[in-house]
Amino acid sequence: MKTIVVGLDLYETDDVVLTAATQLAQGTQATLQLVHLFPLEITALDYVAYVPADPEKRQAAIDEDDKRMKALVADLERKGVKAEATVKIGRASPGILEHAVEVGADAIVVGTHSRNLISRALIGSTADKVIRRSPVPVLVVPTRE
């Protein structure tokens with residue numbers, strides 16, 4: 001295993017996902033490819049976070065996410081784990097899968113949030129979509145919000 005894609009949403013729950021991915025990378029000497037998808041636009045069903053409509057504020061928010069991702073890479077490298085970070089704009093599951101193909105991933109690590117059955121049926125789950133469409137093995141890490 002050489003490359004592991006890690007889908008992050010930049011919430012506190014990422015700590016659990018990163019811990020699992022780090023352990024996997026350390027055990028296999030793989031490089032972690034961290035990827036975060038900044039939403040195209042806010043919709044009631046897709047995203048609960050505030051996404052600025054003003055182009056300058058939106059770019060500032062994207063730049064802030066990029067800065068946070070680079071800080072995660074620096075922290076991983078201090079732990080002896082090779083890592084790279086990418087912030088893309090788009091929907092989470094297709095973006096994670098596209099990134100996995102682009103970097104030639106051997107595996108994908110994503111977190112799953114505790115949602116009830118009705119919420120999952122209406123909204124869908126990034127982890128579910130990644131699992132169903134991934135050409136490589138997927139490690140799903142349960143998180144708590």
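Val6 has Leu34 in β2 as its bridge partner. This is a predicted model, in which local features need pLDDT of at least 70 and side-chain atom pairs count only at pLDDT 80 or more, while totals for chains, interfaces and linings use all residues. Residues are numbered from 1 along each chain as its sequence is written, and side-chain values use heavy atoms, leaving out hydrogens and water.

Helices (H or I, at least four residues) and strands (E, at least two) are DSSP runs numbered from the N terminus, and two strands pair if DSSP finds at least two bridges between them. The table lists the strand pairs.

| Strand pair | Bridges | Direction |
|---|---|---|
| β1 and β2 | 6 bridges | parallel |
| β2 and β3 | 7 bridges | parallel |

From β1 the chain crosses through α1 to β2, and this β-α-β crossover is right-handed (with the strands pointing away from the viewer, the path from the first strand over the helix to the second runs clockwise). On the β3 side, Leu34 has Ala85 as its bridge partner.

How many of the 8 residues of β2 are buried? The count is 8 of 8, so buried here means under 20% relative accessible area, with exposed over 50% and partly exposed in between (1.4 Å probe, protein chains only). In a regular strand, side chains alternate between the two faces of the sheet. In β2, Thr31, Gln33, Val35 and Leu37 lie on one side and Leu32, Leu34, His36 and Phe38 on the other, with both faces covered.

Now to the packing. Leaving aside residues up to four places away in sequence, Ile4 touches several residues, including Leu24, Ala25, Leu32 and Val109 (contact means heavy atoms within 4.5 Å).

Finally, α2: at 1.5 Å a residue, its 24 residues should span 34 Å, and the end C-alpha atoms are 35 Å apart, which agrees (the expected span is 1.5 Å times one less than the number of residues). Its buried residues include Arg58, Asp65 and Leu76, and what covers the buried residues of α2 includes β1, α1, β2 and β3 (83-89). Just after α2, Gly80 takes a positive phi of about 85 degrees.
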